Amino acid sequence: MLSATRNSLRTTVRAYSTAPKSLTIGLIPGDGIGREVIPAGKQVLEALPSEFNLKFNFVDLKAGFELFKQTGTALPDETVEALKTSCDGALFGAVSSPTTKVAGYSSPIVALRKKMGLYANVRPVKSVEGTGRPVDMVIVRENTEDLYIKEERICS
């Protein structure tokens, strides 16, 4: 009996360690070009080679100036809640900005950074083998001051 239990445990551990990891990704196209780049980003994730051992689930979410014009809110609470409770990550496209001040409108990107406690853009860059000089780096851009948190000021 003990031997059977050990074998069963080994099989279970092996199956668990080789099972694809499932990640839930929130897709927020926003406005403009975001409606083009987010579906393309989703296709890239879905096309990853099997050796990455990843499975993706996608959740369609909303944010942006067009949404604000329709509903009066640029970043719905439902979007933030889904990101906090149901998603492992997100792809955020782009949002339009009005050319003149619009009463009640505030950037959903800034609001999302504040509500999610995000402090940096982390952008890994790696070249594809055989395309020239090899590149392997990570660019980290801090988002904790000035325009990134909507607290800009003019110094005289």
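1. Buried residues, meaning those under 20% relative accessible area with a 1.4 Å probe and protein chains only, make up 22% of the 156 residues in the protein chain. The model is a predicted one, in which local features need pLDDT of at least 70 and side-chain atom pairs count only at pLDDT 80 or more, while totals for chains, interfaces and linings use all residues. Residues are numbered from 1 along each chain as its sequence is written, and side-chain values use heavy atoms, with hydrogens and water left out.

2. The protein chain exposes about 11,600 Å², an area computed by the Shrake-Rupley method with a 1.4 Å probe, where for residues only the protein chains shown count as cover.

3. The secondary structure comes to five helices and five strands. These are DSSP runs numbered from the N terminus, with H or I of at least four residues for helices and E of at least two for strands. Along the sequence the pattern is α-β-α-β-α-α-β-α-β-β. Of the contacts (heavy atoms within 4.5 Å) with a separation of 6 or more, 64% are between residues 24 or more positions apart.

4. The largest nonpolar core has nine residues: Ile28, Leu61, Ala63, Leu75, Val80, Ala82, Leu83, Cys87 and Leu112. A nonpolar core here is a set of buried Ala, Val, Leu, Ile, Met, Phe, Trp, Tyr and Cys residues joined through side-chain atoms within 4.5 Å. Helix α4 (residues 77-85) gives the largest share of this core, three residues. A second, separate core has five residues, including Leu23, Ile25, Leu27 and Phe56. In soluble globular proteins, nonpolar side chains tend to be buried together.

5. Which residues does Leu61 contact, leaving aside its neighbours within four places in sequence? They are Gly26, Leu27, Ile28, Pro29, Thr79, Ala82 and Leu83.

6. The structure holds four aromatic pairs. Rings of Phe, Tyr and Trp (its six-membered ring) pair if their centres lie within 6.5 Å; planes under 30 degrees apart count as stacked, over 60 as edge-to-face and the rest as tilted. Phe56 and Phe58 form a stacked pair, 6.0 Å centre to centre with 25° between the planes. Phe56 is buried at a relative accessible area of 16%, whereas Phe58 is partly exposed at 21%.

7. The pair of Phe68 and Tyr105 is edge-to-face, because the ring centres are 5.2 Å apart and the planes are at 65°. Phe68 lies in helix α3 (residues 65-71) and Tyr105 in the loop between β3 (89-94) and α5 (108-116), so the pair ties together parts that are 37 residues apart in sequence. Both Phe68 and Tyr105 are buried. Phe65, Phe68 and Tyr105 form one aromatic cluster.

8. Where does Pro76 lie? Pro76 is in the loop between α3 and α4, and at 13% relative accessibility it counts as buried. Leaving aside neighbours within four places in sequence, Pro76 is in contact with Lys62, Ala63 and Leu67. Pro76 and Gly64 are 12 residues apart in sequence and 9.5 Å apart in space, C-alpha to C-alpha.

9. Phe52 is in the loop between α2 (34-46) and β2 (54-60). At 47% relative accessibility, Phe52 counts as partly exposed.

Key
Buried means under 20% relative accessible area, exposed over 50%, partly exposed in between (1.4 Å probe, protein chains only).
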